[in-house]
Structure formats: C-alpha cells, structure tokens
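Let's take a walk through one protein chain and see which side chains meet. Have the sequence and the 3D view ready as you read.

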Amino acid sequence: MYDVTDDRTPVYARTDLDGLYVAIGTSGNKFKHAPLVGRLTTTLIHGVEGGHDHDRSGLTHTYEHTGQTIDLGTFSRRRRPASSTGTVL
C-alpha cells in the first residue's frame, strides 16, 4: 500500500482543524524535494493565516531563484483529481 493520491499529485493544504496543515500523499518520493515543499507550505500557511481562502482560490508561490510561479491550487485538498496533472517537480 502506498501513501499516494488517486492522481499521484500530493496534497499541500489546510485541514478542517484550524492551524493544521498537511503535506501528504507523496509515498516518500518527494523526500529530496523537502526544502521546496517547506517553502510551498510556508506560502500556504502565511496566505491562509493572513485571510486568503485557498479552498476557493489557489495561492501562488514565486520561486526565489527563477522568479517563476506555481499555482498551489494544483495541490489543494479541494482540487478535482485528474488522470495526470503533470506536476513533476
């Protein structure tokens, strides 16, 4: 049994319990991406705790070295699972 989502895209999201956030569903294969996942989760926490409703409108994270952005809604607990999201980080 693997700890993955149906569409193989991890979930980085808040939970229904105030102040509890998760970064789950990677089956451990994102271990090498832990620093990036930490930054994405930090963006999520700061945004939601600052009043943003991430469940309705996904936050974006800007990569510090490249200036590119990523839509964190892709990893939302409320996203519509797809057969493939192309989210290879």
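Two residues are in contact when they have heavy atoms within 4.5 Å. With that in mind, look at Leu 59: leaving out residues up to four places away in sequence, Leu 59 touches Thr 43, Leu 44, Gly 47, Val 48, His 52, His 54, Ile 70, Asp 71, Leu 72 and Gly 73.

A quick word on what you're looking at: this is a predicted model, where local features need pLDDT of at least 70, side-chain atom pairs count only at pLDDT 80 or more, and totals for chains, interfaces and linings use all residues. Residues are numbered from 1 along each chain as its sequence is written, and side-chain values use heavy atoms, with hydrogens and water left out.

**The core**

Leu 59 also belongs to the largest nonpolar core. A nonpolar core is a set of buried Ala, Val, Leu, Ile, Met, Phe, Trp, Tyr and Cys residues joined through side-chain atoms within 4.5 Å. Buried means under 20% relative accessible area, exposed means over 50%, and partly exposed is in between (1.4 Å probe, protein chains only). This core has ten residues: Tyr 12, Tyr 21, Val 37, Leu 40, Leu 44, Val 48, Leu 59, Ile 70, Leu 72 and Phe 75. The largest share, four residues, comes from α1. Helices (H or I, at least four residues) and strands (E, at least two) are DSSP runs, numbered from the N terminus. In soluble globular proteins, nonpolar side chains tend to be buried together.

**The salt bridges**

A salt bridge is a side-chain nitrogen of Lys or Arg within 4 Å of a carboxyl oxygen of Asp or Glu. How many salt bridges does this rule give? The count is seven, and here are some of them.

| Pair | N to O distance |
|---|---|
| Asp 18 and Arg 14 | 3.6 Å |
| Asp 16 and Arg 77 | 2.8 Å |
| Arg 77 and Asp 55 | 2.6 Å |

Asp 16 sits in the loop between β1 (11-14) and β2 (21-24), while Arg 77 lies in the segment after β4 (69-71), 61 residues apart.

Asp 16 is exposed at 63%, Arg 77 is partly exposed at 24%, and Asp 55 is partly exposed at 24%.

Finally, Arg 14, Asp 16, Asp 18, Asp 55, Arg 77 and Arg 78 are linked in a network of salt bridges.
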